[in-house]
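Please keep the sequence and the structure in view while reading.

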Amino acid sequence: MVCDCCKSRGKTWEGSDPKCAFDSEGNFLSDNWNCGTMNELRFIANEIGTVNRDDNSCGTIGYVPVDNDFAPDDFDTFGGYIVMMWYKDRGRTDNAVFMTDDETSDITIKHAELAITTYQTYRKGGRLT
Ligand SMILES: [Zn+2]
């Protein structure tokens, strides 16, 4: 599978080809490179100030909210956060999980799309700056 963000963006740089972070069933793959959706989530984390970078030890972590109020009817999920880790500003997003207050699971493209919808809706409503 290639996510919609990868499809619409294409390749806009010299160097390695993009490798989408989602398989044919929409499950996250850590073997990715410059996936449009993961780059968007990392952009959002930067925008809302939830990124911490430590190049000498821990790497970079960022998280974005997922509000289940915006979930489509066929996607039953609780609200929570997508938590991601990567190294410096490299194109690979090495790890990404979905966390609620009582469980952690793998992310899917649906979680990612819901996080993007959450950001866009919150921003319009002034809930995020
Ligand atoms: Zn992608």
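This is a predicted model: local features need pLDDT of at least 70, side-chain atom pairs count only at pLDDT 80 or more; totals for chains, interfaces and linings use all residues.

Residues are numbered from 1 along each chain as its sequence is written.

**The sheet**

Helices (H or I, at least four residues) and strands (E, at least two residues) are taken from DSSP runs and numbered from the N terminus. Five strands make an open sheet in the order E1-E2-E3-E4-E5, and their pairing is antiparallel; two strands are said to pair if DSSP finds at least two bridges between them. The edge positions belong to E1 and strand E5 (104–106), each of which has a single partner strand, so one side of each has no neighbour in the sheet. On average, neighbouring strands are turned by 25° against each other, with direction ignored; the axes behind such angles are lines fitted to C-alpha atoms, for helices over the stretch in contact, and angles run from 0 to 180 degrees between N-to-C directions.

Within the sheet, E2 and E3 are joined in the antiparallel sense by seven bridges, and Gly 62 stands opposite Met 84 in E3. E3 and E4, which also run antiparallel, are joined by six bridges, with Val 83 opposite Val 97 in E4. E3 and E4 form a hairpin with six residues between them.

Contact here requires that the C-beta atoms of two residues, placed from the backbone, lie within 7 Å. H3 lies across E2, E3 and E4 and runs at about 75° to E2.

A residue is called buried if 20 or more other C-beta atoms lie within 10 Å of its own, exposed if 12 or fewer do, and partly exposed in between, with C-beta atoms placed from the backbone. In H2, the buried residues are Gly 36, Thr 37, Met 38, Leu 41, Arg 42, Ile 44 and Ala 45, and the elements that cover them include helix H1 (4–9), strand E1 (51–54) and helix H3 (109–125). H3 has buried residues that include Ile 109, Ala 112, Ala 115 and Tyr 119, and the buried residues of H3 pack against H2, E2, E3 and E4. After H2 comes Gly 49, which has a positive phi near 75°.

**The nonpolar core**

A nonpolar core is a set of buried Ala, Val, Leu, Ile, Met, Phe, Trp, Tyr and Cys residues joined through C-beta atoms within 7 Å. The largest such core has 27 residues, and those with the most contacts inside it are Cys 3, Leu 41, Val 64, Ile 82, Ala 112 and Ala 115. H1, H2, E2, E3, E4 and H3 each give two or more residues to this core, and H3 provides the largest share, six residues. Leu 41 touches Val 64, Ile 82, Met 84, Ala 112 and Ala 115, when residues up to four places away in sequence are not counted.

**Loop residues**

Most residues other than glycine have a negative phi. Asn 34, in the loop between H1 and H2, has a positive phi of about 50° although it is not a glycine, and Asn 34 counts as buried because it has 22 C-beta neighbours inside 10 Å. Lys 88, in the loop between E3 and E4, likewise has a positive phi, of about 45°, but Lys 88 counts as exposed because it has 8 C-beta neighbours inside 10 Å.

Asp 55 lies in the loop between E1 and E2 and is exposed, with 10 other C-beta atoms within 10 Å. The C-alpha atoms of Asp 55 and Asp 89 are separated by 10.0 Å, although the two residues are 34 residues apart along the chain.
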